[in-house]
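Here's a quick briefing to read alongside the model.

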Amino acid sequence: MKHLPNLLTLANLFCGTVAVIFAVQENYINTGLFVILGIIFDFFDGFAARLLKVSGELGKQLDSLADMVTSGVVPGIIMVNLLGNSFTNTSNSFLQEYTFSISLIGLLLTLGSCLRLAKFNLDERQSNSFIGLPTPAMSLFVISLPLIQQYTDIEIIKDLVESSYFLIVTTLVLTYLMNAEILLFSLKFKTFGFKENFIKYLFLLMSIVIIILIPLLSIPIIIILYVVISILKK
C-alpha cells in the first residue's frame, strides 16, 4: 500500500503522455479527457499519501515531474497549434512566412510551468495555499480553448478565442500568473466546518452554477473567478 501514491502519480504521467500524442494530432477531445484524468490522479496521489502517512521527498519530486508533462508540455503544444492555426488565414506575409517560429510563443506556458513547479518544490509557504496559479488550473484553461473554438455558437466568443492577439495575451498572462507572488486559496479541506471553509464552499457553489448555466465556457470563467476571489479574499 505504501507504493500506491507513487503508482497514482505514474498514472498521471501516463495520462499526460497519451494527452501529448493526442495534442500533436489535434484531437482535443481526447487530449482534454486524458488531461482531466491525469489531474484526478494528481489529486488522489496526494490524498493517498496523507491517508497512508507515506509522504516523502520521492513522491514530491515525482509529482512535479508528472505534472510537468500533463500540465506543462500538453498546454504548450495546444497553444502552439492554436497560434499556428490562427495565422493560416492572415494576409500578413510576415506572419505567413514565420508562422511556426511565432507560434512557438505558446511554449512559454511549458517554460512557465517548469519554473513554477521547481519553485513549488522549494517553497515551504505553499502547504496550505498556493502562491501563483497552479499548473493544473492553467492546463484546464488552455485545453478548453480549442473546444470552445469548435463547439461554441456565439460568434463573438469564437472570433475572440481564434484571435492570435488573444492567444498571445492569454499565454503571457497565464505564464505570469503561474509565477506571480499572488496568494491563492487551496481547495484542500482539513476540516469541513462552514465558517473556516466559507470561501471554498462559496467558490464550489458558484462553480457548479456556472457549469450548469454555461458548460462550454465554464472552465476559463471558473479559473478567472478563482483568481479574482483569491485576490479579494486577501
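Glu 162 comes out as partly exposed because its relative accessibility is 33%, where buried means under 20% relative accessible area, exposed over 50% and partly exposed in between (1.4 Å probe, protein chains only). Keep in mind that this is a predicted model: local features need pLDDT of at least 70, side-chain atom pairs count only at pLDDT 80 or more, and totals for chains, interfaces and linings use all residues. Residues are numbered from 1 along each chain as its sequence is written, and side-chain values use heavy atoms, leaving out hydrogens and water.

**Salt bridge**

- Glu 162 pairs up with Lys 158 through a salt bridge, 3.4 Å from N to O; the term calls for a side-chain nitrogen of Lys or Arg within 4 Å of a carboxyl oxygen of Asp or Glu.
- The structure has 1 salt bridge in total.
- Both Lys 158 and Glu 162 sit in helix H8 (residues 155-162), 4 residues apart, or about one turn of the helix. Helices (H or I, at least four residues) and strands (E, at least two) are DSSP runs, numbered from the N terminus.
- Lys 158 is partly exposed too, at 21% relative accessibility.

**Nonpolar core**

- The largest nonpolar core runs to 43 residues, and Ile 78 and Leu 133 have the most contacts inside it. Such a core is a set of buried Ala, Val, Leu, Ile, Met, Phe, Trp, Tyr and Cys residues joined through side-chain atoms within 4.5 Å.
- Among the elements giving this core two or more residues are helix H1 (4-24), helix H3 (57-86), helix H7 (135-151) and strand E2 (183-185).
- Leaving aside residues up to four places away in sequence, Ile 78 touches Ala 23, Tyr 28, Thr 31, Val 142, Ile 143 and Pro 146, with contact meaning heavy atoms within 4.5 Å.

**Aromatic pairs**

- There are 6 aromatic pairs; rings of Phe, Tyr and Trp (its six-membered ring) pair if their centres lie within 6.5 Å, and planes under 30 degrees apart count as stacked, over 60 as edge-to-face and the rest as tilted.
- One of them is Phe 120 with Phe 130, tilted, at 6.5 Å centre to centre and 35 degrees between the planes.
- Phe 120 lies in helix H6 (residues 108-122) and Phe 130 in strand E1 (residues 129-131), so this pair ties together parts 10 residues apart in sequence.
- Phe 120 is partly exposed at 25% relative accessibility, whereas Phe 130 is buried at 17%.
- Phe 203 and Tyr 226 make another tilted pair, 5.6 Å centre to centre with 50 degrees between the planes.
- That pair links distant parts of the chain, with Phe 203 in helix H10 and Tyr 226 in helix H11, 23 residues apart.
- Phe 203 and Tyr 226 are both buried, and together with Phe 185 they form one aromatic cluster.
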